[in-house]
Amino acid sequence: MKKKVAIIGATSGIGRALAVEMHNRGYTVGATGRRLERLEELRNQLKTNTYIQYMDVTDLDDAISQLDQLKKDMGGLDIIVLNSGVSNYQQESVGREPDLHVIDVNVRGFANLGSYAFNLFEEQGHGHIVGISSVAGLFGWGLNIPYNASKSFVNTYLQGYRQKANHSDADIAVSTIMPGFVESEMTEGKKDLFWVQPTKKAAKQIAEAIEKQKNEAYITKRWRLVGWFVKLIPNWAWNRM
Ligand SMILES: NC(=O)c1ccc[n+]([C@@H]2O[C@H](COP(=O)([O-])OP(=O)(O)OC[C@H]3O[C@@H](n4cnc5c(N)ncnc54)[C@H](OP(=O)(O)O)[C@@H]3O)[C@@H](O)[C@H]2O)c1
């Protein structure tokens, strides 16, 4: 029997494309986000085996209730994809508020649902947590400071849960997905980006990584080169770039 997957943040970009890709592969899909009309449009497009649920990940208690409701409606969950995220590329607005907003969504919102997912999967004996991180999590960057830091948190947070899963009696997989630049609302109209990959291609590769239960996957694959390159640069040189 094909599995049941919840995709947190499926109203646009990577999350929406992944919802379509997983549905095409025969999964029952639960899609969440704040823009309800987008969720309804997705459900109308997919027609079968699709459930939708309003969710603002920064409303921590409510987000848990909404995910619980989605789980009930779907009759259980096997995979939870934590995809919701915001960026502040080129520091469009600077200061305390925009920094904290990125942290509220990408860190607090992520950890709130990540810990819920782990506990749920331990209780039921199986499950797969998929976190959409970023190549950006591998380095600090003056053009997107809180974003890169938030994705660095995601990387180490998931690594920790992956280790914990290996000591659990339950059969839990934890995947860290690291896209480079992908076409989406997040990158739309932004200058100085390179290797911006089509959303559909990214979604296909993410679905493949999910099915193989990969620990880590660069999306698209060529972005692994950037990952390697960045790790080779010494700090003194990076600080001056
Ligand atoms: N595009 C890239 O180049 C790229 C590269 C690396 C990593 N990523 C990561 O990929 C993920 C998806 O981003 P994307 O590029 O597809 O951008 P996107 O089109 O802007 O999608 C962002 C998603 O996050 C949701 N979201 C934002 N704030 C939320 C909140 N407070 N509560 C619930 N959901 C919220 C949005 O839904 P609502 O607004 O409807 O709530 C939307 O579904 C993010 O985690 C991003 O960091 C993207």
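This is a predicted model: local features need pLDDT of at least 70, side-chain atom pairs count only at pLDDT 80 or more; totals for chains, interfaces and linings use all residues.
View 1. Sorted by class, the contact of helix 1 with helix 2 comprises 4 nonpolar, 2 polar and 2 charged residues. Helix 1 covers residues 13–24 and helix 2 covers residues 36–46; their axes come within 11 Å and cross at roughly 25 degrees. Because angles under 35 degrees count as roughly parallel, helix 1 is roughly parallel to helix 2. The crossing of helix 1 and helix 2 is right-handed.

**View 2. Contact of helix 3 with helix 4.** The axes of helix 3 (residues 60–74) and helix 4 (residues 96–124) cross at roughly 40 degrees and come within 10 Å. Helix 3 and helix 4 are therefore oblique to each other. Their crossing is right-handed. Helix 3 contributes Leu60, Ala63, Ile64, Leu67, Asp68 and Lys71 to the contact, and helix 4 contributes Arg108, Gly109, Asn112, Leu113, Tyr116 and Leu120. By class, 7 nonpolar, 2 polar and 3 charged residues make up the contact of helix 3 with helix 4.

**View 3. Contact of helix 4 with helix 5.** Helix 5 spans residues 145–166, and its axis and that of helix 4 come within 9 Å, crossing at roughly 10 degrees. Helix 4 and helix 5 are therefore roughly parallel to each other. On the helix 4 side the contact is made by Asp99, Val102, Asn106, Val107, Phe110, Ala111, Gly114, Ser115 and Phe118. On the helix 5 side the residues include Pro146, Tyr147, Ser150, Lys151, Phe153 and Val154, and also Tyr157, Leu158, Tyr161, Lys164 and Ala165. The contact of helix 4 with helix 5 has 13 nonpolar, 4 polar and 3 charged residues by class.

**View 4. Surroundings of the ligand.** The ligand is surrounded by 31 residues, of which the closest are Thr11, Arg34, Tyr147, Val182 and Ser184. A polar backbone atom of Val182 is 2.7 Å from an oxygen atom of the ligand. For Ser184, an N or O atom in the side chain is 2.6 Å from an oxygen atom of the ligand. Glu185 has a backbone N or O atom that lies 3.4 Å from a ligand oxygen atom.

View 5. Most residues other than glycine have a negative phi, and most peptide bonds are trans. Lys47 is not a glycine, yet has a positive phi of about 70 degrees. Lys47 is found in the loop between helix 2 and strand 3 (50–54). The peptide bond from Ile219 to Thr220 is cis, with omega near -10 degrees. Thr220 is found in the loop that runs between strand 7 (216–219) and helix 7 (223–232).

Terms used. Residues are numbered from 1 along each chain as its sequence is written. Side-chain values use heavy atoms; hydrogens and water are left out. Axes are lines fitted to C-alpha atoms, for helices over the stretch in contact, and angles run from 0 to 180 degrees between N-to-C directions. Helices (H or I, at least four residues) and strands (E, at least two) are DSSP runs, numbered from the N terminus. Angles under 35 degrees count as roughly parallel, over 145 as roughly antiparallel, 65 to 115 as roughly perpendicular and the rest as oblique. A crossing is left-handed if the near helix is turned anticlockwise from the far one by less than a right angle, and right-handed if clockwise. Ala, Val, Leu, Ile, Met, Phe, Trp, Tyr, Cys and Pro count as nonpolar, Asp, Glu, Lys and Arg as charged, and the others, Gly among them, as polar. A residue is near a molecule or strand if one of its heavy atoms lies within 4 Å of it. A polar contact is a pair of N or O atoms within 3.5 Å; within protein, one must be able to donate a hydrogen and the other to accept it, and residues adjacent in sequence count only if both atoms are side-chain atoms. Contact means heavy atoms within 4.5 Å.
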